[in-house]
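Please open the model in your viewer and keep the selection tool at hand.

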Amino acid sequence: MHPVLVTVLQRLALGLATLVAVSIIIFISIEMLPGDFGQIILGQAATKATVAAFRAELGLDMPAYLRYFDWIAGVLQGDLGTSFSGRAASGQDRSREVAELIGPRLQNTLFLAGITALISVPLALILGISTALYRNTIYDRSINAATLTTISFPEFFVAYILILFLSSLNQWLPSLANVDASTPLGERLTRIALPALTLTLVIIAHMMRMTRAAIINLLASPYIQMARLSGASRTEVIVKHALPNAWAPIATVIAFNLAYLVVGVVVVEVVFVYPGIGQLMVDAVTTRDIPVVQGCALIFAVTYILLNLTADIIGIITNPRLLHPK
Amino acid sequence: MSNKAQKGDVLLDIKSLEIEGFSDEKWHEIIKGVDLTLRRGEVMGLIGESGAGKSTLGLAAMGYTQPGCRITGGSINFDGVNLAQMSDEQMRGYWGNRMTYVAQSAAASFNPAHRLIEQTTSSTIRFGIKEKAEAHKDAHVLYAALNLPDPTNIGDRYPHQVSGGQLQRVMTAMAMSPRPDLIIFDEPTTALDVTTQVEVLSSMRAIVEEFNTAAIYITHDLAVVAQMADVIKVLRYGEEVEEAATRQMLKSPKQDYTKSLWSVRALQKEEHTATDSIMSLRGIDAAYGTAKVLFDVDIDVPKGSTVAVVGESGSGKSTTARVITGLLPQSAGSVVFDGDALPERLADRTKEQKRRIQMIYQMADTAMNPRQTVRDIIGRPLEFYLGVRGKANTERVIELLEMIELNADFLERLPAELSGGQKQRICIARALAANPEFIICDEVTSALDQIVQEGILKLLLRLQSELGLTYMFITHDISTVKAIADQVVVMNEGRVVEQGSKTEVFQPPHPAYTELLLSSVPEMDPDWLTNLNAARNR
């Protein structure tokens, strides 16, 4: 078997092990939330009997480890459980499957993240490469200053500034991004324009600066001097000689930022009233809707692990020492 | 090339060139008004110690200055144009086209991401000298001319997939591919083992002759330059010392500095006749993980003498030192020191056992803590092994400093404030501080310039006769062996090939490997390489 394939399989196995560990941590940390779930959800007025009935319905009367295995067994079969809200103990069973709650929200989040990534990753790479090419020029300095400025402001601030100029003073773009399953694609794209722009401004500095730094770091290598002395132009030196050796650190930073787009955008979702998974999780935490919280946390963990795994693999296949062993 | 003129026409004419470099917040002169004239088809050797400015001058001959350097005066006339006044953009038409460069470290100078053939032919294709297919075919011819194995396929490999000596030859092929007028060789064989060096030198010389290319060959090794150059120019502190045709320069150098460079190789030690062994290795096997690197090594070191362990990289000489010091426990055999078998692991040895065996390393730079002063560096083993503290400690440190021909002024200095030779002297003093009987010197002079080397070797010899020390001297340099050894151990691929007194080992008949090793050491005779190749081909 090719050694790269072996390494990739090893990483996958490690990722799986990480996921198991994370699931345990998620479960334990929710166990450690203070107070009794039944009591909190039903309120102070609830009688002991109601609380006990409610706990029994939720399965909270079972020992923790049994509940963990129950949960994991469900997850492995694609069943994330049933939401705590609207259970039979509240008079009528209106409860919904967690998957059914998370599904459309996750789609929205992935849609926004995908569009943002499509804009920001190529833009960050182009800016990173061009600032490396024209380093220490006015162009380089102004791009650096601009991206540093946008990353330095909190994202809600960037969001409100954009709303002020692009939505309020000039009515170019909608300030609300409330979409649902029936919204057509064109409409959807217009509605998420402002959140996507906000997120782009927030994440671009990190990726662009890493690209620039990774390339410049290599420019002191003897093989870059050699390339120059064999008559390679500036662009050739950067694109053909430095960039191919710089992919590993760049991929890591891109993966990190893409993960952030999935798991960390709750503030932007709130500002633009976008129905993403971040809001869902925050709501679920406040209402102690444990199956939903666990489901969201697990999805976030999978996102992180998968993206970092991809970055690792890119690092491996762009390293000729690993790809073409002796 | 398009305008290949007659052999003997002036190709490169450098006049009173001045170059400055920026360091420590100010500009320093690196090249102070050097003239250089090179004719077509001529090879000039540039020699000098580190800091002489030879690499800077060699690069300047291409109109290139390293980042942080600038040309402040003079002219560089290359075939009628002044490179000193051209922009990088204009110069790019010359680089990789009419002039090419062969760097010291081929391993670092090839881009790890591209195949060798692409790198070999990139400038030839870029400048439209040849079409891709034709350039690749030509590269195969060059690879063959440079004696590379499997010339039609080796180019498909990546740099990390071939050996150092092969890479250096591929780089020569790369330099030759556009058929330039001028090639700059910047210490191209310094990083190679002697037996590899001979092969690379032969193929470089043959190909330069074949295409009648002018070349500047930069090196600090006189014997190497003697084989390669028609003319030799000696540089020191950025100035020319003298220039003459190779034979004349070797026979009768005019300047004292040049003579001193020549004399270093003449250092020879009187052989000390062997007495009882203080250190004996018996049947040592050792391995790194599952890779076995030492096989049944027997070495005897007589008390008060110097045993030189010679061999090329990978021969197991440094591993032997690691076994003796206990850093790498052997898998079989025993290390007997002064009658007692030493515990295999360093952790199991007593303080006294550790004190009696000390070590000096190749890179004095990395063997010292950069944040400790000389007083701390030498004072620490005094305190640790002998319990000498306070005023007595300082006094002893000063005594040791005087022993290594330095003085109390050095007490408060940091390693960064010392020259290369001084750093190695401090390392020697640190080893002496423990009052050892046995010192392992691992390539202690190979990172130093020849004149500095001579000083260190003389110091070690004097200390040996004054203190009755026993040395195990690990080196790949045969002239160092001649200078310092009583006994010689030749190692190859983890085995002892031959051992005995210096006279025995250096006198024929030799085992095959010793013969190969000894005959590969360049000599100051300009005909040495020619004769050697003739003899080997017979």
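Begin by selecting E187(B), which counts as buried because its relative accessibility is 8%, where buried means under 20% relative accessible area, exposed over 50% and partly exposed in between (1.4 Å probe, protein chains only). This is a predicted model, in which local features need pLDDT of at least 70 and side-chain atom pairs count only at pLDDT 80 or more, while totals for chains, interfaces and linings use all residues. Residues are numbered from 1 along each chain as its sequence is written, chains are lettered from A and ligands numbered from 1 in the order in which they are written, and side-chain values use heavy atoms, with hydrogens and water left out.

The side chains of E187(B) and K54(B) form a salt bridge of 3.7 Å, N to O; the term denotes a side-chain nitrogen of Lys or Arg within 4 Å of a carboxyl oxygen of Asp or Glu. The two partners are 133 residues apart and link distant parts of the chain: E187(B) sits in the loop between strand 7 (182-186) and helix 7 (194-210) of chain B, and K54(B) in helix 1 (residues 54-60) of chain B. Helices (H or I, at least four residues) and strands (E, at least two) are DSSP runs, numbered from the N terminus. K54(B) is likewise buried, because its relative accessible area is 7%.

**Two pairs for contrast**

Select K391(B) and E395(B) next. Both belong to helix 14 (residues 390-403) of chain B, four residues apart, or about one turn of the helix.

Then move to chain A and select R96(A) with E100(A), whose side chains meet in a salt bridge (3.5 Å, N to O). R96(A) is partly exposed at 40% relative accessibility, and E100(A) is partly exposed with a relative accessible area of 42%. Over all chains, the structure holds 38 salt bridges.

**Backbone features of chain B**

Most residues other than glycine have a negative phi, and most peptide bonds are trans. Select D79(B), in the loop between strand 4 (69-78) and strand 5 (81-82) of chain B. Although D79(B) is not a glycine, its phi is positive, at about 45°. D79(B) is partly exposed, with 28% relative accessibility.

Continue to P508(B) and P509(B), which are joined by a cis peptide bond with omega of about 0°. P509(B) lies in the loop between helix 18 (502-506) and helix 19 of chain B.

**Around S520(B)**

Select S520(B), in the loop between helix 19 (512-519) and helix 20 (528-537) of chain B. Why is S520(B) classed as buried? The reason is its relative accessible area of 0%. Its side chain makes a polar contact of 2.9 Å with the side chain of R536(B). A polar contact is a pair of N or O atoms within 3.5 Å; within protein, one must be able to donate a hydrogen and the other to accept it, and residues adjacent in sequence count only if both atoms are side-chain atoms. Apart from neighbours within four places in sequence, S520(B) is in contact (heavy atoms within 4.5 Å) with V194(B), T195(B), V198(B), W528(B) and R536(B).

**The interface**

Finally, display both chains. The contact takes 21 residues from chain A and 28 residues from chain B. Chains A and B bury about 2,300 Å² between them, 56% of it on carbon and sulfur atoms; buried area is the accessible area (1.4 Å probe) that two parts lose on being put together, summed over both. Select M226(A), R228(A) and L229(A), which supply 30% of the area that chain A buries against chain B, more than any other three residues. The count between the two chains is two salt bridges, one of which joins the side chains of R228(A) and D88(B) (2.5 Å, N to O). Conclude at helix 10 of chain A, which with six residues gives the most to the side of chain A that touches chain B.
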